[in-house]
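Opening the notebook on a new model today. I'll jot down what I look up as I go.

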Amino acid sequence: MEAHQLAFFLPATPAAASEARHQVVDAIAGWDAGLGTDVVHAAELLVSELVTNAVQYAGTGSVSLVVCLDEAVLRIEVCDTSPVLPQPALPDADSEGGRGLFLVAALANRYHAEPTETGKRCWAEIDLTSKPSQEVACFLPFQRS
């Protein structure tokens with residue numbers, strides 16, 4: 001499989017997640033890499049959750065998104081200008097938000113958040129050549145690598 005990469009910046013606005021989803025799905029389809037619909041849908045949800053989280057903390061800064069595909073892994077990286085690392089917590093039953101990092105944990109084979117010189121990077125990877133993991137996901141802290 002040929003390696004592919006998509007990278008772009010987004011303004012930290014409420015429309016950023018939607019724009020990111022569309023660009024990533026269009027790019028993946030254009031790569032003609034034979035990814036199954038399950039991988040494309042998982043990538044779409046991962047992009048949405050990671051970008052939404054970044055926008056929530058980026059303030060007026062921008063958010064960067066990089067999607068890399070090689071023969072074994074689809075990697076999604078989102079960077080923002082906030083040094084605050086994600087801290088998953090159990091939301092209230094009536095809460096409309098707070099479940100995004102649980103979705104990331106459920107969809108990705110590996111994920112992590114790390115500080116950078118200008119803020120933080122959150123990434124998630126989907127393995128393309130292995131069977132789904134049978135291990136139980138550990139949601140706290142937001143580190144599984």
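How do strand E4 and strand E5 pair, and over how many bridges? I find E4 (residues 110–116) and E5 (residues 119–127) antiparallel, with seven bridges. For me two strands pair if DSSP finds at least two bridges between them. Helices (H or I, at least four residues) and strands (E, at least two) are DSSP runs, numbered from the N terminus.

Before going on, a note on the source: this is a predicted model, where local features need pLDDT of at least 70, side-chain atom pairs count only at pLDDT 80 or more, and totals for chains, interfaces and linings use all residues. Residues are numbered from 1 along each chain as its sequence is written, and side-chain values use heavy atoms, with hydrogens and water left out.

**Overall layout.** I count three helices and six strands in the protein chain. Going along the sequence, I read the pattern β-α-α-β-β-α-β-β-β. The protein chain has 145 residues, and 43% of them count as buried. Buried means under 20% relative accessible area, exposed over 50%, and partly exposed in between (1.4 Å probe, protein chains only). I also looked at contacts (heavy atoms within 4.5 Å). Among those between residues at least 6 apart in sequence, 67% join residues at least 24 apart.

**Around E5.** I went back to the hairpin that E4 and E5 form, and two residues sit between the strands. Arginine 110 has glutamate 125 in E5 as its bridge partner. On strand E3 (residues 73–80), I see antiparallel pairing with E5 over eight bridges. There, cysteine 79 stands opposite arginine 121 of E5. Is E5 mostly covered or mostly open? I note it as mostly covered, with seven of its nine residues buried.

**Cysteines.** How many disulfides are there? I get zero, taking a disulfide as a pair of cysteine sulfur atoms within 2.5 Å. Cysteine 122 is in no disulfide, and the nearest cysteine sulfur, that of cysteine 79, is 8.1 Å away. Cysteine 122 counts as buried because its relative accessible area is 5%. Cysteine 68, at 25%, is partly exposed.

**Rings.** I searched for aromatic pairs and came back with zero. My rule was that rings of Phe, Tyr and Trp (its six-membered ring) pair if their centres lie within 6.5 Å, with planes under 30 degrees apart counted as stacked, over 60 as edge-to-face and the rest as tilted. I did find arginine 75 over the face of tryptophan 123, at 4.2 Å from the ring centre. A charge sits over a ring if NZ of Lys or CZ of Arg is within 6 Å of the ring centre and within 35 degrees of the ring normal.

Serine 48 is in helix H2 (residues 37–58). Is serine 48 buried or exposed? I have it as buried, since its relative accessible area is 11%. Leaving out residues up to four places away in sequence, serine 48 touches Ala17 and Arg21. Next I checked aspartate 32, in the loop between helix H1 (16–31) and H2. Phi of aspartate 32 is near 50°, a positive value in a residue other than glycine. Aspartate 32 is exposed, with a relative accessible area of 69%.
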